Protein chains: 2
Amino acid sequence: MNLKQLSELLQLSQTTVSRALNGYPEVAEATRRRVLEAAQRYGYKPNSNARKLATGRAGSIGYVLPVGRNVDLDPHFVEFLSGLGEHALTREVDLSLTPAPRERESEAYRRIAASRSVDGIYLSSMRNDERRIALVRELGLPFVAHGRSLMPAEGYAFVDIDNEGAFHDAARLLLQLGHTRLAFINGDTDFTFAVHRLDGVTRAMAAHGLPAETLKHHSAAMNEDNGYRLAMMLFRDADAATRPTGVLSASMFMTLGIVRAFNQLGLKMPQDVSIITHDDVFPFLKPESFTVPLSTTRSSIRAAGARICERLVNIITGAETGEVQEIWPVDLIVRASTGPAPSARKPGRRGAEQAAE
Amino acid sequence: MNLKQLSELLQLSQTTVSRALNGYPEVAEATRRRVLEAAQRYGYKPNSNARKLATGRAGSIGYVLPVGRNVDLDPHFVEFLSGLGEHALTREVDLSLTPAPRERESEAYRRIAASRSVDGIYLSSMRNDERRIALVRELGLPFVAHGRSLMPAEGYAFVDIDNEGAFHDAARLLLQLGHTRLAFINGDTDFTFAVHRLDGVTRAMAAHGLPAETLKHHSAAMNEDNGYRLAMMLFRDADAATRPTGVLSASMFMTLGIVRAFNQLGLKMPQDVSIITHDDVFPFLKPESFTVPLSTTRSSIRAAGARICERLVNIITGAETGEVQEIWPVDLIVRASTGPAPSARKPGRRGAEQAAE
DNA sequence: CAGTTCTTTCAAAGCGCTTTGGGAAAACGG
DNA sequence: CCGTTTTCCCAAAGCGCTTTGAAAGAACTG
C-alpha cells in the first residue's frame, strides 16, 4: 500500500492525503479523519526512503562504530546507547551505526555526510588529538560530542563530565584523610578524560604540597585484567612503609581486578589501603555491592546518552545553535572503601583496631 | 555534487555515469576510469536515500532496541554488536537500531517492515512464548534469530548455542566429581536459553538417579546483585551437611556476586563448593582472571553476532534460503573452581588438605 | 558491401514521497 | 448581490538515483 493507492481509494489527491497524514492545517478536519482512519485500516505506512529523499531529512542519527582487532566496544557503550535510545524513542528517531575500523574512520564520516543518510552524528571516546571535530564540521554534519578534545576548537557542542573536578575532589579526600602516597590506575591517556582526571589528581596533590612525581600513575585500557596487573605491580613486592595507601581507579572494571589483587595479597580496605573508583552507573555492577562497598565519583553515562540525543535533535531541528558546552558536576560518594591513612594510626598494627566486618 | 552535475561535468549521461560507478559491464573501460577518477576528485558520493528509493534495497539491517523502565541492555549486547559490526563492515551494510519499549515492540516491527528502511532484521533475547517470529514472517521481513523460541515453528533461520548440552555436561562433571547437592543460579526462565539450560541440568541429574526436585534452582536477571543475593540465600544459614556443594551459574556477572558471597561466608572454592559458570567471552572480564580461576561453559557471543550478520546478508541477497537452524557446540573448560565434592573427602576437615593459594 | 551482431551510450520512466503554486468552492463583507 | 477573502483540494514538479528500451556506431560476417 503506497500513497497513490491510498489516495485513489479515498478519491483524493496524493497531496491531500499526504497533508492530512502529516498534520498540515490546510485540510478539513472531516477529511483528515477519513484519511487517518483509512490509513490505519489498510496499514499504510509511508516509505521511509521516499520520504527521506523528498524531505532531505533522514530521521536518524548516526554513529561510527569502531570495530576490528584490538577494538573492544566496552560496556560503557551499551549504557550510553540505552540512554540515547530512550530519548531517541521520544523523538522518533532511529540510530544508525556505521561500522568502521579506526584507520578508515574518516572515510566513514565522509561517506555518511555525502550520502545524507543521517541528520547528525554523535562522537564519543574523544582523544587528545581529536581530528574528527574539524572533519565533521568541514563536512557540515551536525554533531554533539560526548567528551571533548584537548585541541583548541571554536565552540562546538559537547556534553562532558567534570573529570578534573571529580578526581581532584577524590584525591583531596584521600589527602585530607592523611594519605600521602597515592596511586592512580587510570584509563588510556590518549583519551582526554584520562588526562583531565590526572590533572585533577595532581592539582589536589599540589595544593597539599605534594609534587606530581610522587604519584604512582599507570594508565591502560579499563578492564579487569589491567586493574589486577597494575595493582599487583604496585603492591606485590612493596614495603608497607612505602607502598601507596590511597588508590584512585578509573573504572569499576579495573577495580574488580584491583580488589582481586588486594584479596590475594591480604590487603584490607580501608585499613591497609583506601580506594575511590569512578562509577559510570552500570545497572549490572554496583559499587555498593562489593564486599567492601566502594567510594566512588559517580556520573551516569546513560543520562549523558539521553542528553546528547536530546541536544543533537535540537541542533538538527534548529532549536539550538550547537555551541553550548556542558560540563556536568560529578558526585563524590563516600562508602566503606575509604578511611584514614594507616600511617595516621599506630604503625605496625595495621588494621588491628578495626574489627573485620 | 550529485549525479546530474557529475554527468554534465563529464559530458556523459547519468545512465552511463551510474553504470560506470556501479560496475556494470556495458561501459567502456576508458570511460569507467574517467568517471571513477572524476567521482574521486570531486568527492561524489551517491545520495543513499535516493539510491535506496530507486533500488528498494536499504543496505542496512535492523534491530529493535528494547528501552524503557526495567529494561537493561546488558553487556552481552555490546559484544554481540561488535561481532555483528565486524561482519557488517565487510559487506558494507549499516545497522539501524529502532528504540522501542517492550509493550510497543510489535508496532516497531510493523513500522520497520512497512517503511522498508532495512533489508532484514535480527531478533535476540528469544523468549519461550516468542511472538516475533510469526510477526516478522507475516510482515515478510527477512530475519535471523539469535536463540530460538520454544514455540513450534516451521523452519526459520536461527543461530543458537547448545545450552542444553552445555549445562548437561557441566552438571554431569559435577556429578562425576561426587557432588550430589547441586544448585543452579539461572537467568530469567522467560528466556528460552534459561529453560534449555535447566533441561540440561535435570537430564544429567536424572542420568545419575537424582530427581529434579533435589536441584536448588533459582532464576533472576543476570547481574552481580542477584548472584550475590541468591548465593547468600542458598548458603548463609545452610548447614555444611545439607547445603549445595556444586553450583552452576548462568553468567559471569552473577558469578561475580556469587564469589563475593562465598568470600564473605568464608567458603572456599573448590574445597567447600565447586562452581561452573557460563562464559560469553567478554574481553573485559575473564574467567581465568578470578582469584580462583573459573571452570566455564564457553561460547563467544561475538562470534555469534558475526555469523548472524553473515547469514542475514546471505538471506537478503538470496544466497541462502533461510531455514537453516544452527546450534553451536559449547566448550566445557575446567579450571580451579571445580573439584571433588567435599563429602568425598574426610568430613570435618574441609579444605585443610589443600594449601591456601 | 549489405546484413547482422556487439559495444557503448543515452533519453526517459520510474521509485514514493513532499511541496509549490494554483484554482474552485464556500464564506464573508459591504 | 457582487467582489474579496478564506478554506479546501489538486496537478505537477521535484528529491537523486537506477533501470528499461532504444539507438548510434563499430565490428564482424558471408
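Predicted model: local features only at pLDDT ≥ 70, side-chain atom pairs only at ≥ 80, totals over all residues.
**View 1. Pro270(B) sits in the loop between helix 11 (252-265) and strand 9 (274-279) of chain B.** The bond from Met269(B) to Pro270(B) is cis, with omega near -5 degrees. Turn to chain A and you will find a cis peptide bond joining Met269(A) and Pro270(A), where omega is about -5 degrees. Pro270(A) lies in the loop between helix 11 (252-265) and strand 9 (274-279) of chain A.

**View 2. Helix 3 of chain B has a buried face.** Let us begin with its length. Which residues of helix 3 of chain B are buried? They are Thr31(B), Arg32(B), Val35(B), Ala38(B) and Ala39(B). Seen down the axis of helix 3 of chain B, these buried residues fall within an arc of 135 degrees, so they line one face of the helix. Their packing partners are helix 1 (3-10) and helix 2 (14-21) of chain B. On the other side of helix 3, you can pick out the exposed Ala30(B), Arg33(B), Glu37(B), Gln40(B) and Arg41(B). Just after the helix comes Gly43(B), with a positive phi of about 65 degrees.

View 3. Look for Gln11(B) in the loop between helix 1 and helix 2 of chain B; its relative accessible area is 71%, so Gln11(B) is exposed. Glu92(B) belongs to the loop between helix 5 and strand 2 (94-101) of chain B, and with a relative accessible area of 59% it is exposed.

**View 4. Aromatic rings pair up across the model, with 22 aromatic pairs over all chains.** One of them is the stacked pair of Tyr63(B) and Phe77(B), 5.3 Å centre to centre with 25 degrees between the planes. Tyr63(B) lies in strand 1 (residues 60-67) of chain B and Phe77(B) in helix 5 (residues 75-90) of chain B, so this pair ties together parts that are 14 residues apart in sequence. Are these two residues buried or exposed? Both Tyr63(B) and Phe77(B) are buried. Phe143(B) and Tyr156(B) form a stacked pair too, at 6.2 Å centre to centre and 25 degrees between the planes. Phe143(B) is in strand 4 (residues 143-146) of chain B, while Tyr156(B) is 13 residues apart from it, in the loop between strand 4 and strand 5 (158-161). Phe143(B) counts as buried because its relative accessibility is 8%, and Tyr156(B) counts as buried because its value is 3%.

**View 5. One aromatic cluster takes in residues of chains A and B.** Its members are Phe253(A), Phe282(A), Phe284(A), Phe253(B), Phe282(B) and Phe284(B).

**View 6. Arginine meets tyrosine in chain A and in chain B.** The charged end of Arg260(A) sits over the ring of Tyr228(A), 3.7 Å from the ring centre. In chain B, the charged end of Arg260(B) sits over the ring of Tyr228(B), 3.7 Å from its centre.

**View 7. Ser60(B) is a buried residue in strand 1 of chain B.** Its relative accessible area is 6%. The side chain of Ser60(B) reaches the backbone oxygen of Ser117(B) at 3.4 Å. Leaving aside residues up to four places away in sequence, Ser60(B) touches several others, including Val93(B), Asp94(B), Val118(B) and Gly120(B).

Methods: Residues numbered from 1 in each chain as written. Chains lettered and ligands numbered in written order. Heavy atoms only, no water. Buried < 20%, exposed > 50% of the residue type's maximum accessible area, 1.4 Å probe, protein only. Helix = DSSP H or I, 4+ residues; strand = E, 2+ residues; numbered from the N terminus. Arc of directions from axis to C-beta. Contact = heavy atoms within 4.5 Å. Phe/Tyr/Trp six-rings, centres within 6.5 Å; stacked < 30°, edge-to-face > 60°. Lys NZ or Arg CZ within 6 Å of the ring centre and 35° of its normal. Polar contact = N/O pair within 3.5 Å; in protein donor to acceptor, adjacent residues only side chain to side chain.
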